[in-house]
Amino acid sequence: MPLEGEYEPSTWDWVRDQVETYERTGGTEANTLRDTGIPIVIITCRGASSGKIRKFALMRVEHEGEYALVASVGGRPQNPGWYHNLVAEPHVTIQDGPEPKDYLAALVTGDERAAWWDRAVEVFPTYTEYQEKTDRVIPVFVARER
């Protein structure tokens, strides 16, 4: 069942605009990270504090119908806000094309994290630079269809 509730768009114009365009066009436009050509997906989650619906784009790291959600935030020292949202409520919607689907996201560790990290770096090699910039181990969630 899709997430419902009041939607609070991102305060970042480019994120808000990308989500709106991607959803409006069923993923035929605004479907890459800016001008890199690297595909993205739209993630919908519930805000841990506000309870409002939040949406953002992440790199498309898909394997056998599952998705990695990499909490890199460019290698900053803290996790992104959405990390806390997923810890509090793992139900997410992922839109990879015209129709969103329901998933449960789980934080992965050990060998499973290593395998997904390698997949993520294959898609977006800059993740390696992000990891080098921070002392934290960048968290990786795996979203599996509900």
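Visitor: How many residues does α1 have, and what distance does α1 reach from its first C-alpha to its last?
Guide: In this predicted model, α1 is made up of 12 residues. At 1.5 Å a residue, a span of 16 Å is expected, and the helix comes close to that value. From first C-alpha to last, α1 reaches 16 Å.

Visitor: Which residues in α1 are buried?
Guide: A residue counts as buried when its relative accessible area is under 20%. The cover over the buried residues of α1 includes β1, β2 and β5. The buried residues in α1 are Val 15, Gln 18, Val 19, Thr 21 and Tyr 22.

Visitor: Which residue just after α1 takes a positive phi?
Guide: The positive phi is about 65° and occurs just after the helix. The residue that takes this phi is Gly 26.

Visitor: What separates Arg 16 and Asp 13 in helix α1?
Guide: The side chains of Arg 16 and Asp 13 meet in a salt bridge, at 2.1 Å from N to O. Arg 16 is partly exposed at 28% relative accessibility, and Asp 13 is partly exposed at 47%. Because they stand 3 residues apart in helix α1, their separation is about one helical turn.

Visitor: How many salt bridges does the structure hold?
Guide: One of them is the pair of Arg 16 and Asp 13; another joins Glu 8 to Lys 52. In total, the structure holds 9 salt bridges.

Visitor: How many residues apart in sequence are the parts tied together by Glu 8 and Lys 52?
Guide: The closest N and O atoms of Glu 8 and Lys 52 are 3.2 Å apart, in a salt bridge. Glu 8 lies in the segment before α1 (13–24), while Lys 52 lies in the loop between β1 (40–46) and β2 (53–59), so the pair ties together parts whose separation in sequence is 44 residues.

Visitor: Which residues are linked with Glu 8 in a network of salt bridges?
Guide: Glu 8 is partly exposed, with a relative accessible area of 28%, and Lys 52 is partly exposed at 26%. Both belong to a network of salt bridges. The residues linked with Glu 8 there are Glu 6, Lys 52 and Arg 54.

Definitions and conventions:
Residues numbered from 1 in each chain as written. Predicted model: local features only at pLDDT ≥ 70, side-chain atom pairs only at ≥ 80, totals over all residues. Heavy atoms only, no water. Salt bridge = Lys/Arg side-chain N within 4 Å of Asp/Glu carboxyl O. Helix = DSSP H or I, 4+ residues; strand = E, 2+ residues; numbered from the N terminus. Buried < 20%, exposed > 50% of the residue type's maximum accessible area, 1.4 Å probe, protein only. Expected span 1.5 Å × (residues − 1). Contact = heavy atoms within 4.5 Å.
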